[in-house]
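Here are some notes for a colleague opening this structure for the first time. Please read them alongside the sequence and the 3D view.

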Amino acid sequence: MSESEAQLPTAFVADVLLWKRWHVSLGIIVVATVAWVLFEWTSLPFLTICSDVLLILIVLLFLHANYAALRNKQPPTLPELVVSEEMVNNVAASFRVKINNMLLIAHDITIGKDFRIFFKVVICLWLLSVIGSAFSFFTLAYIGTLLMITIPALYSKYGGYVDKCCGVIHRQFSRHYRIVDESVFNRLPRNISKDKES
């Protein structure tokens, strides 16, 4: 693949996120909204909806192919779906490295090598639990999709003002974090010895 061909998907995604291809961006918002309404308001299970959509697609393709055969026309050609062994090996190797890194970090956290990191992970997981109890997965995915589509376009338009406001907010948070860090986190022990003898 040449360099210009490799840049095409990236340029397309950038155009969609910056609303230069507004019909695609609007289509993403409409599809996300319809999916959210379908999953949240109808309370239908995700697996049921996916199975029904796939069933309808397969039946339509079957009927279309047989209708073409009845009219002595060439049946529609479907692209051949093949996953190469090289691609599977590359994906597996990449996942293996990432999973091993995550397991190493989890091991360090759980055995208590650094109590500060353990404390921060516990706080983050607790916050995720609180957010998860307030919103369903599909609502969070919908909010994430809307933010992903709207924030880059708004930032490209109002970037200077946003940078100025975020700088003020960052300085305030940094000041408050320094206070919490000095008064709470620095008092926590770095290592907890596992073999305390009494």
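**Notes on the model**

1. Thr139 lies in helix H6; helices (H or I, at least four residues) and strands (E, at least two) are DSSP runs, numbered from the N terminus. At 13% relative accessibility Thr139 counts as buried, where buried means under 20% relative accessible area, exposed over 50%, and partly exposed in between (1.4 Å probe, protein chains only). The side chain of Thr139 makes a polar contact of 3.1 Å with the side chain of Trp36. A polar contact is a pair of N or O atoms within 3.5 Å; within protein, one must be able to donate a hydrogen and the other to accept it, and residues adjacent in sequence count only if both atoms are side-chain atoms. Setting aside residues up to four places away in sequence, Thr139 touches Trp36 and Glu40, with contact meaning heavy atoms within 4.5 Å.

2. This is a predicted model, in which local features need pLDDT of at least 70 and side-chain atom pairs count only at pLDDT 80 or more, while totals for chains, interfaces and linings use all residues. Residues are numbered from 1 along each chain as its sequence is written, and side-chain values use heavy atoms, with hydrogens and water left out.

3. The chain has six helices and zero strands, giving the pattern α-α-α-α-α-α along the sequence. Of its 198 residues, 10% count as buried. Among contacts between residues at least 6 apart in sequence, 64% join residues at least 24 apart.

4. The unreviewed UniProt entry carries the annotation "transmembrane region" for residues 21-39, 45-63 and 117-143. UniProt positions are given in the numbering used here, feature names are shortened, and annotations may be inferred rather than shown by experiment. In the model, residues 21-39 are 95% helix and 0% strand, with end C-alpha atoms 27 Å apart. Residues 45-63 are likewise 95% helix and 0% strand, and their end C-alpha atoms are 27 Å apart.

5. How do the axes of H2 and H6 cross? The axes of H2 (residues 22-40) and H6 (residues 137-183) come within 10 Å and cross at roughly 170°, so H2 is roughly antiparallel to H6. Axes are lines fitted to C-alpha atoms, for helices over the stretch in contact, and angles run from 0 to 180 degrees between N-to-C directions. Angles over 145 degrees count as roughly antiparallel, under 35 as roughly parallel, 65 to 115 as roughly perpendicular and the rest as oblique.

6. On the H2 side, the contact is made by Ser25, Ile28, Ile29, Ala32, Thr33, Trp36, Phe39 and Glu40; H6 supplies Phe138, Thr139, Tyr142, Thr145, Leu146 and Ile149. These residues divide into nine nonpolar, four polar and one charged. Ala, Val, Leu, Ile, Met, Phe, Trp, Tyr, Cys and Pro count as nonpolar, Asp, Glu, Lys and Arg as charged, and the others, Gly among them, as polar.

7. Ser25, in helix H2, is buried, with a relative accessible area of 0%. A polar atom of the Ser25 side chain lies 2.4 Å from the backbone oxygen of Val16. Leaving aside neighbours within four places in sequence, Ser25 is in contact with Val16, Trp19 and Ile149.

8. Trp19 sits in the loop between helix H1 (3-17) and H2. Trp19 is partly exposed, at 28% relative accessibility, and has a positive phi of about 60° although it is not a glycine.
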